Amino acid sequence: MRIIVMSDSHRNYHAIEKVISKNLGNADIFVHLGDGEDEVDTLRLKYPHLDIRCVSGNCDYMSSSPDFFIIDVKGARIFCTHGHRYFVKGGTETLRSIARDNKCNVVLFGHTHERYQSYEDGIYIMNPGSCSCPRDGKSPSYGFVDVTDKGIITNIVEL
């Protein structure tokens, strides 16, 4: 099972279209972690056969998307959120606590526009950075989560 993860496209449809086109046929689920709901709506029209999921970000005004959702796949329970409601600019402690409370072993978040990847307290934590406007001095990026019989792999990829 491969989950492609992107965030913070901020009305740059070309950026998320590029992520999708690079991963067509290689992904089971596409997740957008907020601040790009309009672009996701357009993607869903263009690719109705794809499983594309989205959370609401702080810039997704009048959003109908949830603040978070959980994906259950064999061997993984994945908490997905934008992160602005969980103080992610100050660290990942709140996210780890919420993951434990929800029995999740993976947390995906955005909001900071900065890549982040760690394994802490038995929880994989990943921010794929921004696919259109990074703030960490690096190239635009996205991530993936592979869930296999042998375990979980997270990685961040330059766009």
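Which residues does Leu-108 touch, not counting residues up to four places away in sequence? In this predicted model, Leu-108 touches Val-5, Leu-33, Ile-78, Phe-79, Cys-80, Thr-81, Met-126 and Val-145. Leu-108 also belongs to the largest nonpolar core, which has 19 residues. Leu-108 is listed there among the residues with the most contacts inside the core, together with Ile-3, Val-31, Ile-71, Ile-78, Cys-80 and Val-145. At least two residues of this core are supplied by each of strand E1 (2-6), strand E2 (29-32), E4, E5, E6, strand E9 (141-148) and strand E10 (151-158). Another core, of 18 residues, lies apart from it and includes Met-6, Ala-15, Ile-20 and Val-40.

Strands E4, E5 and E6 are also part of an open sheet of 5 strands, in which the order is E4-E5-E6-E8-E7 and the pairing is mixed. Strand E4 (68-73) and strand E7 (115-120) form the edges, each pairing on one side only. From one strand to the next, the twist averages 15°. In general, the strands of a sheet pair through backbone hydrogen bonds, in either a parallel or an antiparallel manner. E7 and strand E8 (residues 123-128) run antiparallel and are joined by 6 bridges. Glu-120 stands opposite Ile-123 in E8.

Methods
Residues are numbered from 1 along each chain as its sequence is written. This is a predicted model: local features need pLDDT of at least 70, side-chain atom pairs count only at pLDDT 80 or more; totals for chains, interfaces and linings use all residues. Side-chain values use heavy atoms; hydrogens and water are left out. Two strands pair if DSSP finds at least two bridges between them. Helices (H or I, at least four residues) and strands (E, at least two) are DSSP runs, numbered from the N terminus. Axes are lines fitted to C-alpha atoms, for helices over the stretch in contact, and angles run from 0 to 180 degrees between N-to-C directions. A nonpolar core is a set of buried Ala, Val, Leu, Ile, Met, Phe, Trp, Tyr and Cys residues joined through side-chain atoms within 4.5 Å. Buried means under 20% relative accessible area, exposed over 50%, partly exposed in between (1.4 Å probe, protein chains only). Contact means heavy atoms within 4.5 Å.
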